[in-house]
Amino acid sequence: MKFEQRFIQVDGCNVNLRRGGRGEPLLFLHGASGAPVILPFMEKLAERFDVLVPEHPGYGQSDEPDWLDNIHDLAYFYLDFLKQLGLRNVTLMGNSMGGWVAMEIAVRDTSRLKSLVLVSPAGIRAPGVQPADIFLMPDEQLVRNLFHDQKLAEARLAVPVTPEAVDIALKNKHTTARLAWEPRLHDPFLPKWLHRVDVPVKIIWGKEDRILPVAFLDEYRRLLPKAEIHIVEGAGHLPHAEKPDLFVELVCK
Amino acid sequence: MQIVLFHLMPYADLDLEAGRGNGTVWLNLPNRNFDPEKGHRLYNRYLDELEYGETLGFDAVSVNEHHQTAYGLMPSPIVTASALARCTKNVKICILGSALPLRSHPLTVAEEHAMIDVITGGRLVSGFVRGIGAEYHTFGVNPTISHDRFHEAHDLIVRAWTEPGPFAFQGKHYNVTYVNLWPRPYQKPHPPIWIPSQGSKETIDWASHPDRRYTYLQTFSPAKVVERYLKMYRDTCRGYGYEAKDSQLGWAVPVYVGESDHKAREEAKPHFEAFRNVFVRMPLEMLLPPGYTSRESLKNVMQAKAQMFGDVTIDQATELGLFVCGSAATVRSALEKYWSDMRFGNLLVMCQFGTLPADLAGRNMERFARGVMPALKKL
């Protein structure tokens, strides 16, 4: 499936948007390391959906707008994005920080949403569960901790690092810190309003997640009691990248 | 030249193997490694050393702020400066500095510095810093807004010190309806402000601005780097249309004076190397969190990583001018040479470093004060 790439301007910010496939819209919100390329799971989803993969403001090739101070700004930005593109019945999917943004969007307004798919989402804290500190982790260790299958980590680490890639990695890390340094990768006030999410929620988590441990699910079971939960065996923090076939099956079923 | 006795108050009783094993003595070295009994003796010894600085004729004594580390035991330099305020009579007291962005509210800095200034009858020098990278983990202050908070906190403090209260302050980070400082500072218009830095163009542009003309201190850097940044400060002042006074420039450096060059090196070696290779050390991710520096500076550091993060011997450090060590004559001529190259009006000497014990630190201070300082003061 072919994805088109173009820049669109929303709230004065140029955003790099890749879009491909046919069907109802599915908006994928990436995590802290961005969405530099179209991954196999996106291609597979594009057989069933009109898949939109933007790079968030402050990430990748998108602008770094002055107004971007916190995660709430990003949520309002995406509400404007959905409106500007006239999208309805959207399957809103987010991984890690993107999952957090998806929840922040959904507690504000679900009128353009059909459902939420949260993939090892950040955004809340869970008593007694300690997430990894991505800001103290050397880059190589972070890549290793993202994957359960270390062959995938090796493959990621083997990709030659270009100066452009270094710049983008530093930009992504800067924006992640700006949005999620403290409280670390969560909003302590988000749980108060999760009851407002009135569309179906699916939560997918890698059983071997070393960034946000699967034990977070206990808290989601409490906060989103109607959510459908899937634990993916043999996957780490990126189950969509590590087990794309199974992942797409879970999304579509 | 004005000579300042500078102290970090390190946890000199540190189990160095524990520090090495942890990779750093900052942030996450478990605090079971701190023994309050030993801490009690160290604090009192270090305060004695600073008080002795007045007896020995130093122009000023200096404390500073660091958090959650064996590198320096002054999470609040206000506490040590307050103790010195009453135990000393004439010497200036420098707080170099208070880490403005790390404070929940900058008015607390304005108040506490003003108190010390009033208690001492105007002997306070106020230093403002951003705190080092690792300290952005201590209170969770977001490093990407560190510069912003620093500038806004500075503006609020200086206005609180100088403008008649009450007045309202509206900023992005701080909003106060009634700014009305009691006490107002003793010195007019306010205590001198010094800006310690590891070297950054942004800091130099800001500190040297004609509205401020703050004294810029280059801390713990190789002499060549100190020279480069002090020159950058002077050039920036010229760009602003004025000549920097020597008193606007300073250098902070560890110093050890022994009976002879050989004895100085022998005595200082294990303690300096513990300072440089255990107490100072931290991983890149801790030193430079995202946004703490510009991305360009961060990239430069990443490229120089091997060089910056490796061990340094006392001989390499002396060669680089990271450390000044030798007999009184050697140290005197080295510092005179550095002065003639750089013309700094303030020299901050750290006579205790790392694990250096009380007897050696005391003799170092005495030899420096008697054999080196008088010549430097005349410069």
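Predicted model: local features only at pLDDT ≥ 70, side-chain atom pairs only at ≥ 80, totals over all residues.
Q: OK, at what angle do helix 2 and helix 15 of chain B pack?
A: Helix 2 (residues 36-56) and helix 15 (residues 358-371) of chain B pack at an angle of about 15°, and their axes are 11 Å apart. That makes helix 2 of chain B roughly parallel to helix 15 of chain B. Angles under 35 degrees count as roughly parallel, over 145 as roughly antiparallel, 65 to 115 as roughly perpendicular and the rest as oblique. Helices here are DSSP runs of H or I with at least four residues, strands are runs of E with at least two, and both are numbered from the N terminus. Axes are lines fitted to C-alpha atoms, for helices over the stretch in contact, and angles run from 0 to 180 degrees between N-to-C directions.

Q: Which residues make that contact?
A: Helix 2 of chain B brings B:Arg45, B:Glu49, B:Tyr52, B:Gly53 and B:Leu56, and helix 15 of chain B brings B:Ala358, B:Ala361, B:Met365, B:Glu366 and B:Ala369. Two residues are in contact if their C-beta atoms, placed from the backbone, lie within 7 Å.

Q: Is B:Leu56 buried, exposed or partly exposed, and what does B:Leu56 touch?
A: B:Leu56 counts as partly exposed because 19 C-beta neighbours lie inside 10 Å; a residue is buried if 20 or more other C-beta atoms lie within 10 Å of its own, exposed if 12 or fewer, and partly exposed in between. Not counting residues up to four places away in sequence, B:Leu56 touches B:Met365, B:Glu366 and B:Ala369. B:Leu56 and B:Glu366 are 310 residues apart in sequence, yet 7.0 Å apart in space, C-alpha to C-alpha.

Q: And how does helix 2 pack with helix 3 of chain B?
A: Helix 2 and helix 3 (residues 77-87) of chain B pack at an angle of about 45°, with their axes 11 Å apart, and that makes helix 2 of chain B oblique to helix 3 of chain B. The contact is made by B:Leu47, B:Leu50 and B:Glu51 of helix 2 of chain B, together with B:Thr80, B:Ala83, B:Leu84 and B:Cys87 of helix 3 of chain B.

Q: Switching to chain A, what is the strand order in the open sheet?
A: The open sheet of eight strands in chain A has the order 1-2-4-3-5-6-7-8, with mixed pairing, where two strands pair if DSSP finds at least two bridges between them. Strand 1 (3-10) and strand 8 (228-232) of chain A stand at the edges, each with a single partner strand, so one side of each is left without a neighbour in the sheet. Neighbouring strands of this sheet are turned by 20° against each other on average, direction ignored.

Q: How many bridges join strand 5 to strand 6 of chain A?
A: Six bridges join strand 5 (residues 90-95) to strand 6 (residues 113-119) of chain A, and these strands run parallel. A:Asn95 stands opposite A:Val119 in strand 6 of chain A.

Q: Last one: how many residues does each chain give to the contact between chain B and chain A?
A: The contact takes twelve residues from chain B and twelve residues from chain A. The largest share of the side of chain B that touches chain A, three residues, comes from helix 11 of chain B.

Conventions. Residues numbered from 1 in each chain as written. Chains lettered and ligands numbered in written order.
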